[in-house]
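Me: Please take a close look at one part for me. Start with a helix, then go to the chain contact.

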Amino acid sequence: MLRNKSFVKRTRKGNIVRTVKEHYLRDDIACGYESCKHPVCLSARSEAEEQGKTLVGDVHPAAPLSASPRNSTQWGPHYLVPDTNAFVNQIDILERPIINNVVVLSTVLDELRGLSMVVYNRVRAIVRDHERRWFVFSNEHHRETFVDRAADESPNDRNDRAIRIAVKWLGKHLEGSNIRPVMVTNDEDNLRKAIADGVTACRMEECLGVYTECPELLDMMGSVNITDRSGTDPNWEGYAEYLSPVQIQAGIKASILVQGTLQIAPYNYLEGSIFAAFPDGKERRVLVIGRKDMNRAIQGDRIAVQILPRSQWRKAPSAALVDEDEDAVPDAKAEAEATQAAPSVPDTDKTNEGRARKRARVAGEKLANGGSAATETAEVKEDGEGHEELGEFVKPADIEDDSQDGEPTGRVVGVIRRNWRSYCAFLDPNFAHKGAKASSAPVSVSVLAMDRRIPKIKIRTRQVDVLSGQRFVVAIDSWPKESRYPHGHFVRALGDAGDKATETEVLLLEHDVPFQPFTKNVRADLPPEGDKWLLDVDRDQVTSGKRRDLRHIDICSIDPPGCTDIDDALHAFRLPNGNFQVGVHIADVTNFVKPNTAMDKEAAHRSTTVYLVDRRIDMLPELLGTNLCSLMSNVDRLAFSCIWELDQDATIVNVTFHKSVIHSKASLTYEEAQNRIDDPSLNDSITNNIRDLNMLAKKLRKRRIDAGALTLSSPEVRFRLENDSQDPVDVEMKALKETNALVEEFMLLANTSVAAKIYEYFPDSAMLRRHPEPPAQNFDNLQHALKPLDIQLETGSSLALAQSLDRAVLASDPYFNNLLRILTTRCMMQAQYFCSGSCTPEEFRHYGLATGIYTHFTSPIRRYADVMVHRLLHASIDRDAVYGSELTDKIKMNEQCDVLNHRHRMAQQASRSSVELYTNLFFKGKTVEETGYVTQILQNGFGVLIPSYGIEGVVYTAAKDAATPSVLEYDQDSHALVSPDKKSEIRLFRRVRVILQVDDKPVSANVSSMRRKLSLRLIEPMIVGLSIEVEELNALRAAKKTKAANADDDGKIVELVAKHPEQIQTI
Amino acid sequence: MSRQELLSPEGLRVDGRRANELRRISCRASVLNSADGSSYYEQGNTKVLVAVYGPREPRTKSLTHDHATINVEFNVAPFSTSERRKRSKGDKRLLEVASFVKQTFEGAVQTAVYPRSQIDIYIHLLQHDGGTLETCINAATLALVDAGISMVDYVCACTAGFIDETPVLDLNFVEESSIETPDLTVAVLPRSGNIALLQMESRLHSSKLEDVLELATEGCKHIHKKLDDAVLAAASELAKKLS
């Protein structure tokens, strides 16, 4: 049967058009009940079986609904049929494995797609998991359940009716089986109508009441409609109303508003900023300061911002907020004001009136100059309302770069898209005391997210006692404008705070790292032979000539010690003509990971292997990563080889790519390889090969550096872990050997050669990596700080920068150059993956490596980008290679690039957090004095980097209570913190001595100890009121001695060794 | 903006069809009295009207001594899409469709039977919902048969695409306009199985071509049945009038 669906929509151009689409209704849609006797359902099942969809476990994929679903006294055996809002608000509950036998109506899915793709994808993921026995009933295309929209019906009402009718039909259809479908809705009106219709329906609470064994489910209920007045304090007048989406769109179009993604400053949760495109085509930062102006926007939300009058722009650098309770501050607005009118602002004594006068003068001048001043003043009157005497809102078009008014500052007038996720959190310790008495009745409590940038979240819970001292996940439901903080609900508990496993899980969750074990579907895609897999010359196409047999060549791999996932191996030998043949052999992962398999999808989702201090979260199942793909010595392994002919000067004569099979003769560590090079008595073929490689690598490196490749630096450390407890006993800097550089050099060469090759064959859809040139402004602060030292960084090109970095040496401080490189690294842009069709060839450049084109090819075991590149390369060299849209679809490839970039960034942050976690564990109970360098100047503190541990922290100069004035004041001219008597100052690069401590007690009334960070206190230079007092220091030193003695008794190493700064490449 | 899900995991397409299903087809021959042959053809929401004139005396320009020339004109009604748009006569896209139709029929019409003459096929697209070329060819076949022009066989055309690793028959406008969907139009002579036209947009790996082609050919067979029915209906109506 055919129905035409007709609706009116707005096109991109803004025209209103009528669209007519066909809508076919069918009678062959089955109900999903596994033993339904209806002929349609029977034939659907047998048809699925014919297509090879056989039972998964005991679940029929075409009809997963169980014959014996959950039984309740109220409804008997039943299936749940939630409506759209139930999914949107309660997805966390529905995701619990206990909730199975759910019918998802296609009406609901369609609505979900419109409301939230995130929820939609989560629902789809559950449906895919057959064990859950969820079923999608396509009621919209079923002849008997389709409903036409009545003349006076809103689309929502029509959908509600469609849901009711579908449930009714299901009820009738299942009559013989004694199973009842139960509609779940929290919409009163819908509920009433359903019951009047004779449809079994209930609220979410009632339906969860059935799961008596899981009382916490009720806690997880999203508090959607809670009008909780208890938390509203009388001084709180609420947030400003948002503009409507239409107004926002119009505002952006008319260039009155700008839009961007809110990024909260890591040191100050009341300071946010967006990078917005301005009408002149440039991107500029717009600050949003204070809760009030942020107007319920949360980190990551896409927001529309109106730029405030120039007088309200901020002129000083950011202040670091001590991790205090926000409520302790009388009013968030006052605080924001305080942040703005910080003591260091040169013209703080000027009152608002004074500023207004000044602007009046400026306006007068404009008027005298003619121009459009008249219209401007008219606008002042019009727009300036609400900010009366402060002046007019600034139009984005009027902003110039060299403005003297400070940084553009704005306020949020609307949220374009929320980007809420679930957050790891802990109970507000200040509350825990009050709430301790609470009974099992639900109470409303505030929780603090582990992520400092997220505001407090109000949740209702029955388990306050259990939750205090624990980490748990919460989700935000809503943020009504009356409430200072958002409302949310409890999702699940993670474990005790301070526990290593819990904290690791927290950091994985917070960085959005997928760390669940691989599912059955994924493991099913592994080769059936398992670890018995052996090379088969016929199957692996060696006999057919597609795969080259390189087993006779002396190939070896060089990796860090303990490396089990060996991605790459090398060989080199002299050719008769005096040139060298050099080969880089990369694990042939794509031979095992075929596109669009479950394993491939999972790997694409994970995108990268994440390395934590104590564990590794693999992108590919272990069997592949550390066995079948790993290029171990003395076994036949499949590889993808890149083979060059290089002349004496390491210039490429030619390059070829092959799928190959290799037999590595040795797996060496960097150290072993280095020893072989250095030991003159060794003269075997492998050693000579390595020497040749080393010679060529040095030439390549020199050429690269001459071209302007940067040598940058980052502080990195390694932990020596105690074997059984995995507690860190030692920290050491990662050491660097000549052989590291050797391997790196050839990997770079391979990546560059491959990039050129795939770009040649897939000009529109090659996956490449670029590193944009950093804008000169990024170096402003650094340049400023370098001026007194008489050092100038040339930032014009990477070559100039590299050379000026080499020149920047201080005789007095050998570490200075390294420090400068660390700080320079921070001025760089992020390198990123992109699809060649989305950028102009000029934008392909990799700034840090000074190459015109670059990609990642060499680590397919741990990076998904390399997997894609392998497929692209294979398709480029082999005409018969089979590939589909995954290699040619520009849009899909761009989407994948976004995922890769995101995961890559998150993985880096997760490893860093893991190091931080272990650093804290290492320093737990210890007090250490160390030398550090000032790396960052804030308004009320300064950042210190301690090179020997590679850690960084903030020393606060302002006391916690705002009443006492800060000991040091910010001086804008020298970009330094100066004491009032000008005797002592703290500026960038200054060497300081600090004392390091970690609070032992994870659960205390102190927020910062829950978030666990290292606290730094200044020893040298001695600044009264800021540095640690002499007596206290001595006491600490004494305590440390006894502690050290005790520790020695336990056989733990307390002294620290090996402090080599590592030089790394930003590849 | 999320991308549209063209084929749901339940196996239904946006309009509720399964992957191997055609849209509803309804067609009628002899709809215009003034033309020598004519047809009205609907496939889903794509609707075309075709008029055939000829064989008739050619303009001097296109005179050939040993066979008839086929002339195709393709027009799109401004109201055919949801956004009203006027196309000029020289629109390259229209000319492309016209030339495809022309090429197709040059192989199927027995032009040698009509030397020194011209056959004009005027195609008017009234409503557009994807699959323009296939509907044009099918409708033109019907109109040519109606005009009594001798042909080797019917020419039946059908499109097929490839979505989410599944070959999909008869793309509608939504499916066709997503860039990554390859869009293959094939016209076959059903009795011999010979291919009169094979045309594709976007990219499809050669290993998958066979499956897609097979599905499209299958679709052509169904369309042949429909066209045959329409011809029979027109003939029996004529017979009724005569008797």
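Reply: The expected span of a helix is 1.5 Å times one less than its number of residues. Helices (H or I, at least four residues) and strands (E, at least two) are DSSP runs, numbered from the N terminus. This is a predicted model, where local features need pLDDT of at least 70, side-chain atom pairs count only at pLDDT 80 or more, and totals for chains, interfaces and linings use all residues. Residues are numbered from 1 along each chain as its sequence is written, chains are lettered from A and ligands numbered from 1 in the order written, and side-chain values use heavy atoms, without hydrogens and water.

Take helix H4 of chain B, residues 206-242. Its 37 residues should span 54 Å at 1.5 Å a residue, and its end C-alpha atoms lie 53 Å apart, which agrees. Buried residues (under 20% relative accessible area, 1.4 Å probe, protein chains only) in H4(B) include Leu213(B), Ala216(B), Cys220(B), Ile223(B) and Leu227(B). An α-helix has 3.6 residues a turn, so residues three or four places apart point the same way.

Now the chain contact. With contact meaning heavy atoms within 4.5 Å, 34 residues of chain A touch 30 of chain B. The buried area (accessible area lost on being put together, 1.4 Å probe, summed over both parts) is about 2600 Å², with 45% from carbon and sulfur atoms. Glu22(A), Tyr24(A) and Arg26(A) supply 23% of what chain A buries against chain B, more than any other three residues. Four salt bridges (side-chain nitrogen of Lys or Arg within 4 Å of a carboxyl oxygen of Asp or Glu) cross the interface. Arg124(A) and Glu10(B) form a salt bridge at 2.9 Å, N to O.

Definitions and conventions
Buried area is the accessible area (1.4 Å probe) that two parts lose on being put together, summed over both. Buried means under 20% relative accessible area, exposed over 50%, partly exposed in between (1.4 Å probe, protein chains only).
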